[in-house]
Amino acid sequence: DLYKNNQYDMIFMDENMPNMSGIETTHKIREIEEEEKKKYTPIVALTANALIGDEDRFRDAGMDEYLTKPLNREKLAEILVNYFDRESLFDMVEQVNDKHAFETSFLSKVEQPLNLIEQAIVDENCLAIIKFINIVKILSMKYNYQDIFALCLNIETSAKDSDIQSCRNFMLVLNGQFNEY
(Lines give C-alpha, C1' and ligand atoms only; values in the text may rest on other atoms or scores of the structure.)
Protein backbone atom coordinates (compact mmCIF):
# COMPACT_ATOMS: atom_id res chain seq x y z
CA ASP A 1 0.00 0.00 0.00
CA LEU A 2 2.83 2.42 0.80
CA TYR A 3 4.49 1.64 -2.51
CA LYS A 4 1.27 2.25 -4.43
CA ASN A 5 0.92 5.74 -2.97
CA ASN A 6 4.55 6.87 -2.83
CA GLN A 7 7.69 7.13 -4.93
CA TYR A 8 10.78 5.56 -3.34
CA ASP A 9 14.42 5.81 -4.41
CA MET A 10 15.16 2.32 -3.10
CA ILE A 11 13.37 -0.34 -1.06
CA PHE A 12 15.05 -2.53 1.55
CA MET A 13 12.95 -5.68 1.58
CA ASP A 14 12.79 -8.10 4.48
CA GLU A 15 11.99 -11.68 3.52
CA ASN A 16 10.06 -12.62 6.65
CA MET A 17 7.13 -10.26 6.97
CA PRO A 18 3.58 -10.89 8.16
CA ASN A 19 0.86 -11.45 5.54
CA MET A 20 3.16 -11.37 2.51
CA SER A 21 6.78 -12.51 2.15
CA GLY A 22 9.45 -10.25 0.72
CA ILE A 23 9.48 -12.33 -2.45
CA GLU A 24 5.69 -12.02 -2.86
CA THR A 25 5.89 -8.28 -2.15
CA THR A 26 8.67 -7.85 -4.71
CA HIS A 27 6.60 -9.71 -7.34
CA LYS A 28 3.65 -7.41 -6.58
CA ILE A 29 5.82 -4.27 -6.84
CA ARG A 30 7.23 -5.41 -10.19
CA GLU A 31 3.67 -6.09 -11.43
CA ILE A 32 2.55 -2.61 -10.37
CA GLU A 33 5.58 -1.02 -12.08
CA GLU A 34 4.70 -2.79 -15.29
CA GLU A 35 0.93 -2.26 -15.20
CA GLU A 36 1.04 1.38 -14.09
CA LYS A 37 4.24 2.30 -15.94
CA LYS A 38 5.83 3.42 -12.67
CA LYS A 39 9.52 4.22 -12.46
CA TYR A 40 11.67 1.17 -11.68
CA THR A 41 12.61 1.04 -8.00
CA PRO A 42 15.73 -0.87 -6.93
CA ILE A 43 14.92 -3.45 -4.26
CA VAL A 44 17.57 -4.73 -1.86
CA ALA A 45 16.96 -7.99 -0.02
CA LEU A 46 17.79 -7.45 3.65
CA THR A 47 17.55 -10.75 5.42
CA ALA A 48 18.99 -13.10 8.00
CA ASN A 49 18.74 -15.88 5.38
CA ALA A 50 22.30 -16.55 4.30
CA LEU A 51 22.02 -20.07 2.96
CA ILE A 52 23.50 -21.20 -0.32
CA GLY A 53 21.04 -20.29 -3.06
CA ASP A 54 19.22 -17.55 -1.14
CA GLU A 55 20.85 -14.74 -3.09
CA ASP A 56 19.83 -16.35 -6.39
CA ARG A 57 16.30 -16.91 -5.09
CA PHE A 58 15.96 -13.22 -4.16
CA ARG A 59 17.42 -12.01 -7.46
CA ASP A 60 15.12 -14.36 -9.39
CA ALA A 61 12.20 -12.77 -7.54
CA GLY A 62 13.17 -9.34 -8.92
CA MET A 63 15.40 -7.99 -6.17
CA ASP A 64 18.48 -6.16 -7.35
CA GLU A 65 20.86 -6.57 -4.44
CA TYR A 66 21.29 -8.79 -1.39
CA LEU A 67 22.38 -7.84 2.14
CA THR A 68 22.44 -10.12 5.16
CA LYS A 69 21.94 -9.35 8.82
CA PRO A 70 23.86 -8.23 10.72
CA LEU A 71 24.27 -5.44 8.21
CA ASN A 72 27.67 -5.01 6.57
CA ARG A 73 28.09 -1.22 6.32
CA GLU A 74 30.75 -1.40 3.61
CA LYS A 75 28.49 -3.52 1.40
CA LEU A 76 25.58 -1.12 2.06
CA ALA A 77 27.76 1.86 1.11
CA GLU A 78 28.84 0.05 -2.07
CA ILE A 79 25.21 -0.57 -3.04
CA LEU A 80 24.23 3.05 -2.38
CA VAL A 81 27.16 4.38 -4.42
CA ASN A 82 26.19 2.06 -7.30
CA TYR A 83 22.61 3.39 -7.43
CA PHE A 84 22.93 7.05 -6.45
CA ASP A 85 25.23 9.89 -7.38
CA ARG A 86 27.20 11.69 -4.66
CA GLU A 87 24.86 14.68 -4.56
CA SER A 88 21.80 12.46 -4.08
CA LEU A 89 23.52 10.59 -1.26
CA PHE A 90 24.46 13.85 0.49
CA ASP A 91 20.84 15.05 0.12
CA MET A 92 19.57 11.83 1.72
CA VAL A 93 21.97 12.17 4.64
CA GLU A 94 20.93 15.81 5.05
CA GLN A 95 17.24 14.81 5.17
CA VAL A 96 17.98 12.22 7.86
CA ASN A 97 19.91 14.82 9.86
CA ASP A 98 17.07 17.35 9.46
CA LYS A 99 14.52 14.79 10.72
CA HIS A 100 16.73 14.01 13.72
CA ALA A 101 17.08 17.73 14.52
CA PHE A 102 13.31 18.12 14.16
CA GLU A 103 12.64 15.25 16.62
CA THR A 104 15.29 16.51 19.03
CA SER A 105 13.71 19.97 19.02
CA PHE A 106 10.26 18.50 19.75
CA LEU A 107 11.57 16.27 22.54
CA SER A 108 13.45 19.12 24.22
CA LYS A 109 10.29 21.27 24.22
CA VAL A 110 8.00 18.61 25.72
CA GLU A 111 10.39 17.27 28.37
CA GLN A 112 9.47 19.76 31.10
CA PRO A 113 5.69 19.68 30.55
CA LEU A 114 5.80 15.87 30.62
CA ASN A 115 7.61 15.92 33.95
CA LEU A 116 5.03 18.38 35.31
CA ILE A 117 2.20 16.12 34.11
CA GLU A 118 3.78 13.14 35.87
CA GLN A 119 3.93 15.16 39.09
CA ALA A 120 0.36 16.41 38.67
CA ILE A 121 -0.79 12.80 38.29
CA VAL A 122 1.03 11.85 41.51
CA ASP A 123 -0.58 14.86 43.22
CA GLU A 124 -3.95 13.98 41.61
CA ASN A 125 -4.18 17.59 40.41
CA CYS A 126 -6.50 17.42 37.40
CA LEU A 127 -6.28 21.15 36.62
CA ALA A 128 -2.48 20.95 36.39
CA ILE A 129 -2.73 17.84 34.20
CA ILE A 130 -5.03 19.71 31.81
CA LYS A 131 -2.78 22.78 31.79
CA PHE A 132 0.42 20.88 30.96
CA ILE A 133 -1.09 18.31 28.61
CA ASN A 134 -2.35 21.22 26.49
CA ILE A 135 1.26 22.33 26.00
CA VAL A 136 2.23 18.86 24.77
CA LYS A 137 -0.93 18.68 22.66
CA ILE A 138 -0.17 21.99 20.93
CA LEU A 139 3.45 21.03 20.30
CA SER A 140 2.44 17.63 18.92
CA MET A 141 0.06 19.41 16.55
CA LYS A 142 2.78 21.85 15.50
CA TYR A 143 5.26 19.03 14.84
CA ASN A 144 2.57 16.81 13.27
CA TYR A 145 2.79 13.90 15.72
CA GLN A 146 -0.80 12.73 15.40
CA ASP A 147 -0.41 9.66 17.62
CA ILE A 148 0.88 11.82 20.47
CA PHE A 149 -1.85 14.39 19.88
CA ALA A 150 -4.52 11.66 20.19
CA LEU A 151 -3.03 10.43 23.48
CA CYS A 152 -2.96 13.99 24.78
CA LEU A 153 -6.67 14.30 24.02
CA ASN A 154 -7.32 11.09 25.98
CA ILE A 155 -5.34 12.37 28.96
CA GLU A 156 -7.12 15.74 28.82
CA THR A 157 -10.56 14.06 28.70
CA SER A 158 -9.64 11.75 31.59
CA ALA A 159 -8.42 14.70 33.66
CA LYS A 160 -11.61 16.63 32.93
CA ASP A 161 -13.52 13.57 34.20
CA SER A 162 -11.24 13.44 37.29
CA ASP A 163 -10.21 9.92 36.24
CA ILE A 164 -6.64 9.82 37.55
CA GLN A 165 -6.19 6.09 36.85
CA SER A 166 -6.98 6.62 33.15
CA CYS A 167 -4.54 9.55 33.14
CA ARG A 168 -1.88 7.21 34.54
CA ASN A 169 -2.66 4.54 31.96
CA PHE A 170 -2.63 6.92 29.01
CA MET A 171 0.56 8.51 30.35
CA LEU A 172 2.26 5.10 30.29
CA VAL A 173 1.27 4.72 26.64
CA LEU A 174 2.42 8.26 25.89
CA ASN A 175 5.82 7.61 27.49
CA GLY A 176 6.08 4.49 25.36
CA GLN A 177 5.52 6.63 22.26
CA PHE A 178 8.30 8.98 23.30
CA ASN A 179 10.64 6.05 23.79
CA GLU A 180 10.22 5.31 20.07
CA TYR A 181 11.63 8.73 19.17
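**View 1. Glu124 is an exposed residue, with a relative accessible area of 51%.** Exposed here means over 50% relative accessible area, buried under 20%, and partly exposed in between, using a 1.4 Å probe and protein chains only. Glu124 has a positive phi of about 55 degrees although it is not a glycine. Look for Glu124 in the loop between α5 (86-123) and α6 (126-142). Helices (H or I, at least four residues) and strands (E, at least two) are DSSP runs numbered from the N terminus.

This is a predicted model, in which local features need pLDDT of at least 70 and side-chain atom pairs count only at pLDDT 80 or more, while totals for chains, interfaces and linings use all residues. Residues are numbered from 1 along each chain as its sequence is written, and side-chain values use heavy atoms, with hydrogens and water left out.

**View 2. Lys37 sits in the loop between α2 (22-36) and β2 (43-47).** Lys37 is not a glycine, yet its phi is positive, about 55 degrees. Lys37 counts as exposed, at 72% relative accessibility. For background, most residues other than glycine have a negative phi, and most peptide bonds are trans.

**View 3. Lys69 and Pro70 are joined by a cis peptide bond.** The omega of this bond is about 0 degrees. Pro70 belongs to the loop between β3 (65-68) and α4 (73-83).

**View 4. The whole protein has eight helices and three strands.** Their pattern along the sequence is α-β-α-β-α-β-α-α-α-α-α. Of the 181 residues, 36% count as buried.
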